[in-house]
Amino acid sequence: MNTVGARVWQFRVQGAMVTATQVGRGDLGVGLARLIHINALACDLNRVVDYRTKQLEVRLLASYLDAPSAGAPLQVDHRAFVASSRHIRGFVTESSGLGMLTAASEALFAWDNAAHALHSFDALPGGMLSGYQSGGVRPDLLFHLPGGRVAGEARGRHRRAKTLLPTRPLAEQKRRLQELALWSASHRDHAYFMSWVWIGRSGVAVDIFLSQDQRWDGALDARWKRQSAGDQWRFPVEEDPLGQMPDGDPEPPPATPSTTDALQLVMSVPVAAPTPPRADPLSRTGRMVQRLYDTAPELDAELADIPLRGTWVPADALGPAQYEVLLAVLAEQPPPQAGVRERLARAEGRFDACLDGRLLTVVRSAAQPPPAWQDLEQVLLSPA
């Protein structure tokens with residue numbers, strides 16, 4: 001597992017003002033396999049789901065990113081990154097943002113994919129759909145924790161300035177925090193947080209924004225260098241919708257307004273409580289994974305006696321590959337899976353692997369042979 005520098009902010013909306021206070025700072029552990037894996041899970045079921053396109057995204061993302069020895073900072077090929085089109089830069093930064101969001105949930109909330117469910121808001125199971133708005137602003141991921149659901153929003157930007165972390169919020173950050181506050185208020189003050197990834201010439205970093213909530217205090221004290229008097233950003237709720245971002249790549253303004261009147265209005269509207277999730281073997285998430293399985297190439301292999309489909313692909317979009325990545329789909333749900341820390345300990349640095357339900361992602365050095373299926377089974381699955 002590698003690291004990125006992280007700042008943790010707590011923010012609140014009071015009347016016409018938003019106040020964000022830096023409350024922690026430290027290194028956030030990030031796994032390259034998990035980062036790639038989360039992007040593969042983020043499918044929009046309103047579009048065609050095809051294994052080949054996911055594999056292309058995997059190859060591209062792993063070509064730009066570099067995960068050196070364990071514990072070292074996550075790197076990006078910045079020369080290639082700045083030479084790329086805005087669309088490619090946006091894909092790399094926002095895909096990285098999903099990985100940082102998941103890593104932050106592990107560090108802050110002790111989220112564990114082996115014990116807690118995770119859903120994309122683009123592929124919620126049928127039993128949850130009635131509890132959330134179908135249109136407008138919404139977050140990216142939904143983490144299921146013992147204390148309730150936490151919504152997560154992932155964003156990322158290229159940082160042109162010499163310093164990787166900005167000293168003041170950008171217009172797009174302000175807008176998104178305001179929109180998320182509106183979304184939370186319209187869902188009975190739903191818990192939420194946001195990760196904002198920065199990619200620049202000096203590396204990769206992330207700002208993590210938590211809504212003001214006493215539930216986060218224990219996590220901050222236990223896992224981060226707590227700051228009693230950190231930096232503070234204050235800005236009005238109503239912002240110029242055409243505000244520019246001088247230190248980042250420009251973004252078109254969002255269609256959803258974020259004004260004081262709208263915030264006060266939505267807080268006063270009663271909304272039905274979210275419907276508890278139901279077991280649904282034909283859920284939207286299940287159908288998404290099945291589509292990936294149906295479109296993946298045959299693979300003469302089994303994991304825990306379960307057939308797989310998929311193939312290894314070299315991350316060579318920018319030259320000789322440093323890594324090869326396996327994106328595979330199991331024919332059915334596997335046995336109980338080991339937690340992330342247990343997997344890392346078992347792998348001993350030989351490879352990085354992630355298994356969520358039926359979707360499997362493995363990253364290995366291109367200079368090393370692929371791990372045996374028996375090795376993957378021993379690392380990924382809990383003992384019987």
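Tutor: Helices (H or I, at least four residues) and strands (E, at least two) are runs assigned by DSSP, numbered from the N terminus. This is a predicted model, in which local features need pLDDT of at least 70 and side-chain atom pairs count only at pLDDT 80 or more, while totals for chains, interfaces and linings use all residues. Residues are numbered from 1 along each chain as its sequence is written, and side-chain values use heavy atoms, with hydrogens and water left out.

Student: Thanks! What is a salt bridge, as the term is used here?

Tutor: A salt bridge is a side-chain nitrogen of Lys or Arg within 4 Å of a carboxyl oxygen of Asp or Glu. Searching the whole structure gives 16 salt bridges.

Student: Where do Arg176 and Glu179 lie?

Tutor: Both sit in helix α6, three residues apart, which is about one turn of the helix.

Student: Which parts of the chain does the pair of Glu153 and Arg176 link?

Tutor: Start with the bridge itself: the side chains of Glu153 and Arg176 meet at 2.8 Å, N to O. This pair links distant parts of the chain, with Glu153 in strand β7 (residues 148–158) and Arg176 in helix α6 (residues 171–185), 23 residues apart.

Student: And how far apart are the closest N and O atoms of Glu172 and Arg157?

Tutor: They are 3.9 Å apart, and the two residues form a salt bridge. Again distant parts of the chain are linked: Glu172 belongs to helix α6 and Arg157 to strand β7, 15 residues apart.

Student: Are Glu153 and Arg176 buried or exposed?

Tutor: The general idea is that buried means under 20% relative accessible area, exposed means over 50%, and partly exposed is in between (1.4 Å probe, protein chains only). Glu153 counts as buried because its relative accessibility is 2%, and Arg176 is buried at 7%. Glu172 is buried too, at 5%, as is Arg157 at 3%. Glu179 is buried, with a relative accessible area of 3%.

Student: Which residues do salt bridges with shared partners join into one network?

Tutor: The network holds Glu94, Glu153, Arg155, Arg157, Glu172, Arg175, Arg176 and Glu179.
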